[in-house]
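Please examine the structure shown below.

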Amino acid sequence: MKRSVGILGILLFLWFSLALAQTPAGTSIQNQASATYIDSANQPRSTTSNLVVTVVQQVYSFTITPNSTHSGSPATENNLTTPGQTRTALPGAPAYLSYRVSNTGNGTDTIGLSVVQGTLDDFDLASVSIVRDDNCNGQPDSGEPAVTSVTLAQGASACVVVQGTIPASTANNKKANVNLAGTSQGSPSVTDNDNWAQVTANTAATLTLVKSASPSSGVAPLQNITYTLTGSNTGGSAAGAVTGVVTLGTAKNGILITDVIPSGLTYVANSLSGSAGAGTVTLIYSTDGGTTWSATQPASGVNAVGMLIEGSGNFFPQGASYTLSFQAKVPSGAPSGTSYSNFATLKFDANGNGNATDPGETVTSNTTNTAVAATYSVSVGPYQNPSGGASGSYTAGAYTVTQSGDTQSIASAYSGTTVIFRHTLQNGRLLSQPSD
């Protein structure tokens, strides 16, 4: 008896530890032990312990991305080596920094947000605020409110934009360091402060690149995600072509926008479209992740798409804009919670000098994250036949159970005896069927 009780105790302890690691805060975990034995009169006996109820406490944890990199710890402006994101804008114009706040704890949390401006840089942004970016497109839109905190359920995330204006008197190529800091409501306090970004004042040409995904979350298997890229020249002069920016049989000069399709998604044929306010537009396709390109859509295997805006010299004027969109399909077996992250890249020449040795400027868009929503498909039926259509028989206890279609029967049974009917419950989202 001692050996049986000891093994049971060990098993309960292991299960209890796993529940703490995976169970939402506030969940009650109930445990009760039992033992059976033969007494001195050779009679079977059983006994149960008291019921132990344990309530899972909340663990606070969150992240803000993109992160900056630092030469030491803690992460400060003093040891900043690489900003998590960079932006350029014309003096007197706004700059937008895109972030994602994610609750990685086991319960609902409110994360306070604040903007920290650097002291080791050239200037501070004016009129700084934080905006909740509901459609996660990397810029504030009408109706999106200013916030100082976000409240997130367990596993949820939210996009926010830090916006501020470069002072009109700022000289060309001067830089501002900006950090979005977060503090959880939990105790002890949890913080995230390694989110430094850099904004550069630029009186030369500046092309923006903003990416959006629809739906932005809650996509279903076999559903299409529509990705849209937009941008314009918000700089102080016309943008120019990068010499030999892409090869399409021969080297081409122009502005190039490219997007590698997230792994797991499938490009939807003939869904690529685009336009631009200047130059000649050519849609391009790649089957090797953007190493080589073609102006002809392949029959299959497309895993990167793009658009060449062809021109020479300073051909893309101030205020000119462009757009590019395409669709990608979610696979049929995509598990709930799978997230597809995507960003795009833009190459142009801010100087427009047509110099073959000038690689031009590279702009990276904000990152979209589209998660697969849970889908449910449950069926219950006769043993090993959850969808019905059963036949044959099986033995359960002292009787033979006969199956037919969606029914089970026992021909006859003695009064006072126990009859057992076995059923199979199947989660249709599983790749394999339970055996019982």
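In this predicted model, the side chain of threonine 170 comes to 2.8 Å from the backbone oxygen of proline 167.

**Surroundings of threonine 170**

- Threonine 170 has a relative accessible area of 11% and is therefore classed as buried, because the cut-off for that class is under 20%.
- Leaving aside residues up to four places away in sequence, threonine 170 touches Pro91, Phe123 and Ala201.

**Salt bridge between lysine 211 and aspartate 259**

- The count of salt bridges is two, and one of them joins the side chains of aspartate 259 and lysine 211, at 2.4 Å from N to O.
- This pair connects distant parts of the chain, 48 residues apart: lysine 211 belongs to strand 17 (residues 210-214) and aspartate 259 to strand 20 (residues 250-260).
- Aspartate 259 is buried, with a relative accessibility of 0%.
- Lysine 211 is likewise buried, its relative accessible area being 0%.

**Salt bridge between arginine 132 and aspartate 134**

- Arginine 132 and aspartate 134 form a salt bridge in which the closest N and O atoms are 2.7 Å apart.
- Aspartate 134 has a relative accessibility of 42% and so counts as partly exposed.
- Arginine 132, at 33% relative accessibility, also counts as partly exposed.

Conventions. Residues are numbered from 1 along each chain as its sequence is written. This is a predicted model: local features need pLDDT of at least 70, side-chain atom pairs count only at pLDDT 80 or more; totals for chains, interfaces and linings use all residues. Side-chain values use heavy atoms; hydrogens and water are left out. Buried means under 20% relative accessible area, exposed over 50%, partly exposed in between (1.4 Å probe, protein chains only). A polar contact is a pair of N or O atoms within 3.5 Å; within protein, one must be able to donate a hydrogen and the other to accept it, and residues adjacent in sequence count only if both atoms are side-chain atoms. Contact means heavy atoms within 4.5 Å. A salt bridge is a side-chain nitrogen of Lys or Arg within 4 Å of a carboxyl oxygen of Asp or Glu. Helices (H or I, at least four residues) and strands (E, at least two) are DSSP runs, numbered from the N terminus.
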